[in-house]
Amino acid sequence: MSMHQIEDMIESTVRLLAGSVDSRANDIPPRDICYHLYRMQDQCDCGYTMLRVEEQLIQMGFLARVPIEQLPEHERDAARSLTDRTGFLPSGAYIDGEQELAYVAYGKPIWNTLAETGVLSQPQITSVTKMDVLALAEVVMPLAAGRLAAGGKAGETAAEVLLYWYALLPAMMLTTGYDGEGEEERVLRLRNLAAVPEIFKRVHALRLTSELEDLDDLVEEDLPCLSGWAEPYLQWAKEEAGKTKKRCRTIPFPNGTGRV
(Lines give C-alpha, C1' and ligand atoms only; values in the text may rest on other atoms or scores of the structure.)
Protein backbone atom coordinates (compact mmCIF):
# COMPACT_ATOMS: atom_id res chain seq x y z
CA MET A 1 0.00 0.00 0.00
CA SER A 2 1.48 3.32 -1.04
CA MET A 3 0.71 6.64 0.59
CA HIS A 4 -0.46 7.93 -2.81
CA GLN A 5 -3.21 5.32 -2.77
CA ILE A 6 -4.37 6.44 0.67
CA GLU A 7 -4.37 10.07 -0.48
CA ASP A 8 -6.33 9.15 -3.61
CA MET A 9 -8.82 7.15 -1.55
CA ILE A 10 -9.48 10.09 0.76
CA GLU A 11 -9.75 12.52 -2.15
CA SER A 12 -12.25 10.32 -4.00
CA THR A 13 -14.27 9.83 -0.81
CA VAL A 14 -14.51 13.58 -0.24
CA ARG A 15 -15.71 14.07 -3.83
CA LEU A 16 -18.34 11.38 -3.25
CA LEU A 17 -19.56 13.04 -0.04
CA ALA A 18 -19.70 16.48 -1.63
CA GLY A 19 -21.62 15.18 -4.62
CA SER A 20 -24.27 13.31 -2.67
CA VAL A 21 -27.80 14.65 -2.76
CA ASP A 22 -28.22 13.84 0.93
CA SER A 23 -25.84 16.05 2.87
CA ARG A 24 -25.76 13.60 5.76
CA ALA A 25 -24.88 9.90 5.86
CA ASN A 26 -26.21 7.72 8.70
CA ASP A 27 -27.33 11.03 10.22
CA ILE A 28 -23.70 12.10 10.60
CA PRO A 29 -22.77 15.60 9.38
CA PRO A 30 -20.39 15.45 6.40
CA ARG A 31 -17.79 17.58 8.17
CA ASP A 32 -17.61 14.97 10.97
CA ILE A 33 -17.03 12.28 8.35
CA CYS A 34 -14.29 14.40 6.78
CA TYR A 35 -12.75 14.93 10.21
CA HIS A 36 -12.32 11.17 10.64
CA LEU A 37 -11.15 10.66 7.06
CA TYR A 38 -8.26 13.06 7.54
CA ARG A 39 -7.48 11.75 11.03
CA MET A 40 -7.11 8.33 9.43
CA GLN A 41 -4.91 9.74 6.67
CA ASP A 42 -2.76 11.52 9.26
CA GLN A 43 -1.78 8.14 10.70
CA CYS A 44 0.00 7.41 7.43
CA ASP A 45 2.98 9.21 5.92
CA CYS A 46 0.84 11.37 3.66
CA GLY A 47 1.20 14.97 2.56
CA TYR A 48 -1.20 17.87 3.00
CA THR A 49 -3.84 17.04 0.40
CA MET A 50 -6.87 19.07 1.46
CA LEU A 51 -6.30 21.64 -1.27
CA ARG A 52 -6.93 18.94 -3.90
CA VAL A 53 -10.58 19.13 -2.85
CA GLU A 54 -10.54 22.62 -1.41
CA GLU A 55 -13.93 23.76 -2.72
CA GLN A 56 -15.67 20.52 -1.75
CA LEU A 57 -14.34 20.70 1.82
CA ILE A 58 -15.38 24.36 2.12
CA GLN A 59 -18.83 23.45 0.77
CA MET A 60 -19.26 20.81 3.50
CA GLY A 61 -18.15 23.18 6.26
CA PHE A 62 -14.96 21.27 7.05
CA LEU A 63 -12.40 23.74 5.68
CA ALA A 64 -12.29 27.52 5.95
CA ARG A 65 -10.18 29.88 3.84
CA VAL A 66 -9.14 32.97 5.81
CA PRO A 67 -6.97 35.94 4.75
CA ILE A 68 -3.83 36.02 6.90
CA GLU A 69 -4.61 39.60 7.94
CA GLN A 70 -7.76 38.33 9.72
CA LEU A 71 -5.81 35.96 11.99
CA PRO A 72 -5.12 36.93 15.61
CA GLU A 73 -1.97 39.04 15.85
CA HIS A 74 0.40 36.33 17.08
CA GLU A 75 -0.88 33.92 14.40
CA ARG A 76 -0.53 36.60 11.75
CA ASP A 77 3.07 37.30 12.75
CA ALA A 78 3.91 33.59 12.78
CA ALA A 79 2.36 33.13 9.32
CA ARG A 80 4.40 35.97 7.85
CA SER A 81 7.61 34.63 9.35
CA LEU A 82 7.44 31.30 7.52
CA THR A 83 10.66 31.14 5.54
CA ASP A 84 9.41 28.83 2.78
CA ARG A 85 6.07 30.66 2.51
CA THR A 86 4.00 27.53 3.28
CA GLY A 87 3.60 25.42 6.38
CA PHE A 88 1.63 24.78 9.54
CA LEU A 89 1.25 26.97 12.60
CA PRO A 90 1.08 25.37 16.07
CA SER A 91 -2.65 26.14 16.08
CA GLY A 92 -3.14 23.84 13.10
CA ALA A 93 -3.67 26.48 10.40
CA TYR A 94 -2.01 25.78 7.05
CA ILE A 95 -0.44 28.89 5.52
CA ASP A 96 -0.12 29.72 1.84
CA GLY A 97 2.16 32.75 2.00
CA GLU A 98 2.01 33.51 -1.71
CA GLN A 99 -1.76 33.82 -1.64
CA GLU A 100 -1.76 35.42 1.84
CA LEU A 101 -4.26 32.78 2.96
CA ALA A 102 -4.69 30.52 5.96
CA TYR A 103 -6.61 27.24 5.67
CA VAL A 104 -8.29 26.13 8.86
CA ALA A 105 -9.71 22.62 9.17
CA TYR A 106 -12.60 21.66 11.42
CA GLY A 107 -11.21 20.25 14.66
CA LYS A 108 -8.01 22.31 14.75
CA PRO A 109 -7.40 24.48 17.85
CA ILE A 110 -7.69 27.75 15.94
CA TRP A 111 -11.18 26.91 14.61
CA ASN A 112 -13.03 27.89 17.78
CA THR A 113 -10.95 31.06 18.19
CA LEU A 114 -11.92 32.27 14.73
CA ALA A 115 -15.55 31.23 15.20
CA GLU A 116 -15.74 33.06 18.53
CA THR A 117 -14.37 36.28 17.02
CA GLY A 118 -16.68 36.08 14.02
CA VAL A 119 -13.96 35.50 11.43
CA LEU A 120 -15.62 32.17 10.67
CA SER A 121 -19.33 32.00 10.03
CA GLN A 122 -19.45 28.33 11.15
CA PRO A 123 -20.24 27.56 14.80
CA GLN A 124 -17.65 26.56 17.38
CA ILE A 125 -16.90 22.87 17.82
CA THR A 126 -18.54 21.36 20.88
CA SER A 127 -18.25 17.67 20.01
CA VAL A 128 -17.46 15.44 17.04
CA THR A 129 -19.25 12.17 16.34
CA LYS A 130 -16.99 9.30 17.41
CA MET A 131 -16.14 6.86 14.61
CA ASP A 132 -13.62 4.05 14.31
CA VAL A 133 -12.41 2.88 10.91
CA LEU A 134 -15.11 0.22 10.56
CA ALA A 135 -17.86 2.70 11.41
CA LEU A 136 -16.36 5.05 8.82
CA ALA A 137 -16.46 2.28 6.23
CA GLU A 138 -20.11 1.63 7.14
CA VAL A 139 -20.89 5.21 6.14
CA VAL A 140 -18.74 5.47 3.03
CA MET A 141 -19.17 2.08 1.35
CA PRO A 142 -23.01 1.96 1.37
CA LEU A 143 -23.07 5.55 0.10
CA ALA A 144 -20.74 4.58 -2.77
CA ALA A 145 -22.72 1.41 -3.53
CA GLY A 146 -25.93 3.43 -3.71
CA ARG A 147 -24.38 5.87 -6.18
CA LEU A 148 -23.00 3.30 -8.62
CA ALA A 149 -26.03 3.53 -10.88
CA ALA A 150 -25.84 7.33 -11.12
CA GLY A 151 -23.81 7.14 -14.31
CA GLY A 152 -21.34 9.71 -15.59
CA LYS A 153 -18.67 11.16 -13.32
CA ALA A 154 -20.72 10.54 -10.16
CA GLY A 155 -21.02 6.83 -10.90
CA GLU A 156 -17.34 6.59 -11.76
CA THR A 157 -16.34 8.28 -8.51
CA ALA A 158 -18.60 5.92 -6.56
CA ALA A 159 -17.00 2.88 -8.21
CA GLU A 160 -13.51 4.18 -7.42
CA VAL A 161 -14.41 4.83 -3.79
CA LEU A 162 -15.90 1.37 -3.35
CA LEU A 163 -12.83 -0.30 -4.84
CA TYR A 164 -10.40 1.79 -2.78
CA TRP A 165 -12.20 0.92 0.44
CA TYR A 166 -12.48 -2.75 -0.45
CA ALA A 167 -8.79 -2.96 -1.32
CA LEU A 168 -7.41 -0.83 1.52
CA LEU A 169 -9.76 -1.28 4.47
CA PRO A 170 -7.81 -4.25 5.90
CA ALA A 171 -4.55 -2.27 5.81
CA MET A 172 -6.26 0.76 7.33
CA MET A 173 -7.65 -1.39 10.14
CA LEU A 174 -4.12 -2.53 10.92
CA THR A 175 -2.75 1.01 10.69
CA THR A 176 -5.33 2.36 13.14
CA GLY A 177 -5.04 -0.61 15.50
CA TYR A 178 -8.62 -1.83 14.98
CA ASP A 179 -8.74 -5.65 15.01
CA GLY A 180 -12.49 -5.99 14.37
CA GLU A 181 -12.81 -8.90 16.77
CA GLY A 182 -16.41 -10.07 16.98
CA GLU A 183 -17.50 -7.87 14.06
CA GLU A 184 -17.78 -10.59 11.41
CA GLU A 185 -21.39 -9.77 10.49
CA ARG A 186 -20.62 -6.09 9.94
CA VAL A 187 -17.59 -7.02 7.86
CA LEU A 188 -19.58 -9.48 5.73
CA ARG A 189 -22.18 -6.82 4.91
CA LEU A 190 -19.45 -4.47 3.71
CA ARG A 191 -17.74 -7.18 1.67
CA ASN A 192 -21.01 -8.05 -0.08
CA LEU A 193 -21.56 -4.39 -0.96
CA ALA A 194 -18.19 -4.33 -2.72
CA ALA A 195 -18.63 -7.67 -4.53
CA VAL A 196 -19.59 -5.95 -7.78
CA PRO A 197 -17.66 -7.06 -10.90
CA GLU A 198 -17.83 -3.60 -12.47
CA ILE A 199 -15.68 -2.07 -9.73
CA PHE A 200 -12.97 -4.73 -10.15
CA LYS A 201 -12.52 -3.64 -13.77
CA ARG A 202 -10.79 -0.53 -12.40
CA VAL A 203 -8.09 -2.49 -10.56
CA HIS A 204 -5.31 -1.72 -13.06
CA ALA A 205 -6.32 1.90 -13.62
CA LEU A 206 -6.16 2.59 -9.87
CA ARG A 207 -2.94 0.55 -9.48
CA LEU A 208 -4.45 -1.71 -6.83
CA THR A 209 -3.52 -5.08 -8.31
CA SER A 210 -0.83 -6.01 -5.78
CA GLU A 211 -2.95 -4.85 -2.83
CA LEU A 212 -5.85 -7.02 -3.94
CA GLU A 213 -3.66 -10.02 -4.70
CA ASP A 214 -2.12 -9.76 -1.21
CA LEU A 215 -5.44 -9.40 0.59
CA ASP A 216 -5.88 -13.08 1.39
CA ASP A 217 -2.47 -13.40 3.07
CA LEU A 218 -2.89 -10.12 4.97
CA VAL A 219 -6.29 -11.11 6.31
CA GLU A 220 -5.31 -14.65 7.21
CA GLU A 221 -2.25 -13.57 9.19
CA ASP A 222 -3.49 -10.43 10.92
CA LEU A 223 -7.27 -9.98 10.71
CA PRO A 224 -9.24 -13.21 11.18
CA CYS A 225 -12.44 -11.17 11.41
CA LEU A 226 -12.00 -10.50 7.67
CA SER A 227 -11.93 -14.16 6.70
CA GLY A 228 -13.28 -14.44 3.15
CA TRP A 229 -12.85 -10.71 2.49
CA ALA A 230 -10.71 -11.32 -0.61
CA GLU A 231 -12.94 -14.02 -2.08
CA PRO A 232 -15.09 -11.82 -4.42
CA TYR A 233 -12.01 -10.33 -6.08
CA LEU A 234 -10.13 -13.64 -6.31
CA GLN A 235 -13.16 -15.27 -7.95
CA TRP A 236 -13.50 -12.39 -10.41
CA ALA A 237 -9.78 -12.49 -11.25
CA LYS A 238 -9.99 -16.24 -11.86
CA GLU A 239 -12.94 -15.81 -14.22
CA GLU A 240 -11.19 -12.99 -16.08
CA ALA A 241 -8.05 -15.11 -16.50
CA GLY A 242 -10.22 -17.88 -17.95
CA LYS A 243 -11.83 -15.48 -20.43
CA THR A 244 -8.42 -14.20 -21.52
CA LYS A 245 -7.14 -17.73 -22.03
CA LYS A 246 -10.21 -18.61 -24.08
CA ARG A 247 -9.81 -15.55 -26.29
CA CYS A 248 -6.17 -16.38 -26.92
CA ARG A 249 -7.13 -19.87 -28.11
CA THR A 250 -9.53 -18.52 -30.73
CA ILE A 251 -7.51 -15.74 -32.38
CA PRO A 252 -7.89 -16.32 -36.18
CA PHE A 253 -4.82 -16.51 -38.39
CA PRO A 254 -4.78 -15.19 -41.98
CA ASN A 255 -5.09 -18.72 -43.36
CA GLY A 256 -8.30 -19.24 -41.42
CA THR A 257 -6.87 -21.45 -38.74
CA GLY A 258 -6.78 -20.60 -35.07
CA ARG A 259 -4.12 -20.95 -32.42
CA VAL A 260 -4.72 -23.91 -30.06
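**Exercise 1: the largest pocket**

Helix H2 gives the most to the lining of the largest pocket, with three residues. The model is a predicted one, in which local features need pLDDT of at least 70 and side-chain atom pairs count only at pLDDT 80 or more, while totals for chains, interfaces and linings use all residues. Residues are numbered from 1 along each chain as its sequence is written, and side-chain values use heavy atoms, with hydrogens and water left out.

Task: State which helices each supply at least two residues of the lining of the largest pocket, and describe that lining by class.

Solution. 
1. The lining consists of His36, Arg39, Met40, Gln43, Met131, Asp132, Val133, Leu136, Thr176, Gly177 and Tyr178.
2. Helices H2 (30-42) and H6 (133-147) each supply at least two of the lining residues; helices are DSSP runs of H or I with at least four residues, and strands are runs of E with at least two.
3. By class, five lining residues are nonpolar, four polar and two charged.

**Exercise 2: the second largest pocket**

Task: Identify the residues nearest the centre of the second largest pocket.

Solution. 
1. Of the 15 residues that line this pocket, Asp42, Tyr48, Met50, Phe88 and Lys108 lie nearest its centre.
2. H2 and strand E4 (101-105) each supply at least two residues of the lining.
3. The classes are nine nonpolar, four polar and two charged residues.

**Exercise 3: Gln5**

Task: Determine whether Gln5 is buried or exposed, and list its contacts.

Solution. 
1. Gln5 belongs to helix H1 (residues 3-18).
2. Its relative accessible area is 7%, so Gln5 is buried (buried means under 20%, exposed over 50%, partly exposed in between, with a 1.4 Å probe and protein chains only).
3. Not counting residues up to four places away in sequence, Gln5 touches Tyr164, Leu168, Leu206, Arg207, Leu208 and Glu211; contact means heavy atoms within 4.5 Å.
4. Gln5 and Arg207 are 202 residues apart along the chain, and their C-alpha atoms are separated by 8.2 Å.

Methods: On a 1 Å grid over the protein atoms alone, a cavity is a set of points where a 1.4 Å probe fits but cannot get out, and a pocket is an open set with protein on both sides within 12 Å along at least five of seven lines; lining residues have an atom within 4 Å of a point. Ala, Val, Leu, Ile, Met, Phe, Trp, Tyr, Cys and Pro count as nonpolar, Asp, Glu, Lys and Arg as charged, and the others, Gly among them, as polar.
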